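Visitor: I am new to this structure. Could you pick one part and take me through it slowly?

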Amino acid sequence: MSIKYAFIGSGSMARAMIGGIVTSGLAAPDCVIAANPSAPKLDALKKDFVIQIIQKDNAAAAAQADVVILSVKPHLYETVIAEIKTVIRPETIVVMIAAGQTIAANEARFGKPVKLARVMPNTPALVGEAMSAVCFNAEMSDADQAVVLAMLRSFGKAEIVPERMMDTVTGVSGSSPAYVYLFIEAMADAAVLHGMPRAQAYTFAAQSVLGAAKMVLETGTHPGALKDAVCSPGGTTIEAVATLERSGMRAAVIDAIDACIKKSQAMSN
């Protein structure tokens with residue numbers, strides 16, 4: 001029997017996950033439902049992915065699903081759970097993807113035993129390259145966990161982590177595409193400064209970041225060793241690396257991720 005997925009909320013993260021699930025073939029479009037107050041967002045999802053849509057009726061969407069993904073802002077969780085909790089069946093899996101939303105707090109909101117997975121994905125799900133972390137409550141069986149992992153791995157990589165690490169995950173992967181986009185944009189700006197057309201500059205910069213990341217993942221070599229291999233004595237690369245070090249790049253990245261983690265911790269309930 002086909003698994004049915006319902007997304008409560010249809011913002012950027014939901015769109016990315018829906019795109020990954022449908023594009024990978026994990027689920028047929030008619031097995032995916034999106035619910036949202038905004039008709040334009042729903043219409044765009046239906047047009048792009050041919051999924052089912054329901055406007056302003058979260059309970060109707062949740063009632064039809066085997067897996068319900070809560071993809072609303074953290075401050076809306078209490079309201080949304082109040083709307084859907086009576087239609088959540090004992091076998092329904094509920095996936096939470098909002099920063100700061102703990103398993104314990106949301107078990108209390110449901111007020112009954114419920115299968116809960118807390119997930120931190122990121123937006124590269126849309127191109128099949130997400131990095132997701134997940135943890136589960138005690139109600140989730142091995143089979144239930146396999147369903148959630150299959151969903152996450154349909155659009156990238158996924159790892160199980162203890163819940164105490166979820167704020168760290170937010171800093172290092174959940175929010176980090178934004179940092180990388182800044183880096184790519186800065187690299188492209190430098191190329192444009194020296195005469196390269198902007199579209200071409202973005203291609204050179206983005207492909208270089210993609211290739212470097214694949215080198216780390218596929219060779220298993222320490223990033224420092226890969227950096228050393230590119231830095232010839234007295235060469236251009238070590239000159240650039242020395243400039244980045246003098247400018248505090250390493251410290252700036254660590255500080256940014258530390259700030260992100262602390263913000264996520266402050267949001268936890």
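Guide: Let's settle on strand S6, residues 115-120, which is mostly covered: 6 of its 6 residues are buried, meaning under 20% relative accessible area with a 1.4 Å probe and protein chains only. Helices (H or I, at least four residues) and strands (E, at least two) are DSSP runs, numbered from the N terminus. Before going on, please keep in mind that this is a predicted model, where local features need pLDDT of at least 70, side-chain atom pairs count only at pLDDT 80 or more, and totals for chains, interfaces and linings use all residues. Residues are numbered from 1 along each chain as its sequence is written, and side-chain values use heavy atoms, with hydrogens and water left out.

Now follow the side chains of S6. Lys-115, Ala-117 and Val-119 point one way, while Leu-116, Arg-118 and Met-120 point the other way, and all are buried.

Next, look at the neighbours. S6 pairs with strand S5 (residues 93-96) in the parallel sense, over 4 bridges; two strands pair if DSSP finds at least two bridges between them. In this pairing, Met-96 stands opposite Arg-118 of S6. With strand S7 (residues 130-136), S6 runs antiparallel, and 4 bridges join the two. Here Arg-118 turns up again, standing opposite Cys-135 in S7.

Key
Buried < 20%, exposed > 50% of the residue type's maximum accessible area, 1.4 Å probe, protein only.
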